[in-house]
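Hello,

I am handing over the structure we talked about. Please open it first, then read the notes below.

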Amino acid sequence: MSTATATAAATATTADLEARIRQAPEKFRVMTGDRPTGPLHLGHYFGTLHNRVRLQELGVDVFVIIADYQVLTDRDVADRLGEYMEGMLLDYLAVGIDPARSTVFNHSAVPALNQLMLPFLSLVSVAELNRNPTVKDEIAHSRQSAVSGLMFTYPVHQAADILFCKGNLVPVGQDQLPHLEVTRIVARRFNERYGAVFPEPDALLSDAPLLLGTDGTKMSKSRGNSIALGADADETARLIKGARTDAERHITYDPENRPGVSSLVLLAALCLDRDPYAVAEEIGGGGAAVLKRTVTEAVNSRMAPIRARRAEYARDMEYVRSVLRAGNERANEFATATLDEVRGVMGT
């Protein structure tokens, strides 16, 4: 299936899925997560984190993976892994992930999950993996001098992430649709070959806004151009003050022609729950100085309660670590049961 076809199909079904979620949230299990390669930032918050909390609040069973093994897909070593994992846990709790209703766990603590990757690899061809456009893009931007086997098989590892708990709903952006299609192929072929075990998960296509970094390029943990959720008010102000804009004084919202300015306008609008065109019109001739002041005030106001909760959790790291231990325990129960079922139908 082409990327365009997959996008059209996901777009067509997302509205229906949202309606079904509201009618019967207990029928859905979401699988999502992040790689602990650096601090989570505002792009993560508006792009994925708030949506996880929304689904959790609707009553969906949400699994969130801290993908520590997948750090190695494009890195030779997993630098500062413990620090980043604990920071990620703090961010999850601060934004509203509730360990009583959502399961937070990490790859390396769930061996049965990773063991599923072996039979799953037998279900896809090298040619199919080689055609995956997301893998091609990730290889092009890899930090490694040579492509690792883990990078090449990344979509199959993600299939194990999703299917170990029989996740049937995956919130994704358009660029992640090829990965999810691999998961659907793996589930379908396993079921056809051995018996019905896995659901074919649906994509809940995200309309998450694209926020650029302070340098005008894609906001990224590794590029040093993001505003971390853990940043304080002064650091936030400093980062926004240094953000790239352009030479035109009058502020407009025009993402195609004025990406840097428009990303700042959008950030303010998201924090204020307002329309970006209205925010831009209000700033008007105030120029970059007024724009940056507006963004700074909006971000600091929106993030203040999250920062306060984060600081409160940081004072009790034993509790924070216990959240991960409990999540790992639940994830292991699911993974062990699924692996036993897989062995049973495969006769191994």
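**What was found**

A search of the whole structure finds zero disulfides, a disulfide being a pair of cysteine sulfur atoms within 2.5 Å. Some ground rules come next. This is a predicted model: local features need pLDDT of at least 70, side-chain atom pairs count only at pLDDT 80 or more, and totals for chains, interfaces and linings use all residues. Residues are numbered from 1 along each chain as its sequence is written, and side-chain values use heavy atoms, with hydrogens and water left out.

Cys165 counts as buried because its relative accessibility is 1%. Buried means under 20% relative accessible area, exposed means over 50%, and partly exposed is in between (1.4 Å probe, protein chains only). Cys271 has a relative accessible area of 8%, so Cys271 is buried.

Helices (H or I, at least four residues) and strands (E, at least two) are DSSP runs, numbered from the N terminus. Two strands pair if DSSP finds at least two bridges between them.

Start with β2, residues 61-66. Six of its six residues are buried. On one side sit Asp61, Phe63 and Ile65; on the other sit Val62, Val64 and Ile66. Both faces are covered. In a regular strand the side chains alternate between the two faces of the sheet.

β2 pairs with β1 (residues 29-34) in the parallel sense, over six bridges. Within that pairing, Gly33 stands opposite Ile65 of β2. Between the two strands, the chain passes through helix α2 (residues 42-58), and this β-α-β crossover is right-handed. Right-handed means that, with the strands pointing away from the viewer, the path from the first strand over the helix to the second runs clockwise.

β2 also runs parallel to β3 (residues 102-106), joined by five bridges. Ile65 has Phe105 as its bridge partner in β3. The chain goes from β2 through helix α3 (residues 81-95) to β3, and this crossover is right-handed too. Val62 stands opposite Ser102 in β3.

How many residues of β3 are buried? Five of its five are. Ser102, Val104 and Asn106 point one way, while Thr103 and Phe105 point the other way.

**The cavity**

One cavity of 30 Å³ or more turns up in a search of the whole structure. A cavity is a set of points, on a 1 Å grid over the protein atoms alone, where a 1.4 Å probe fits but cannot get out; lining residues have an atom within 4 Å of a point. Grid points are joined across faces, edges and corners, and a volume is the space filled by probe spheres set on the points.

The largest cavity has a volume of about 130 Å³. It is lined by 15 residues, and the closest to its centre are Leu212, Gly213, Thr214, Ser263 and Leu264. Helix α12 (residues 259-272) gives the largest share of the lining, with four residues. By class, the lining has eight nonpolar, six polar and one charged residues. Here Ala, Val, Leu, Ile, Met, Phe, Trp, Tyr, Cys and Pro count as nonpolar, Asp, Glu, Lys and Arg as charged, and the others, Gly among them, as polar.

**Two more residues**

Ile21 lies in helix α1 (residues 3-23). Ile21 counts as buried because its relative accessibility is 0%.

Ala311 is in helix α14 (residues 287-314). Ala311 counts as partly exposed because its relative accessibility is 36%. Ala311 and Ala94 are 217 residues apart in sequence, yet 8.5 Å apart in space, C-alpha to C-alpha.

Best wishes

Conventions. On a 1 Å grid over the protein atoms alone, a cavity is a set of points where a 1.4 Å probe fits but cannot get out, and a pocket is an open set with protein on both sides within 12 Å along at least five of seven lines; lining residues have an atom within 4 Å of a point.
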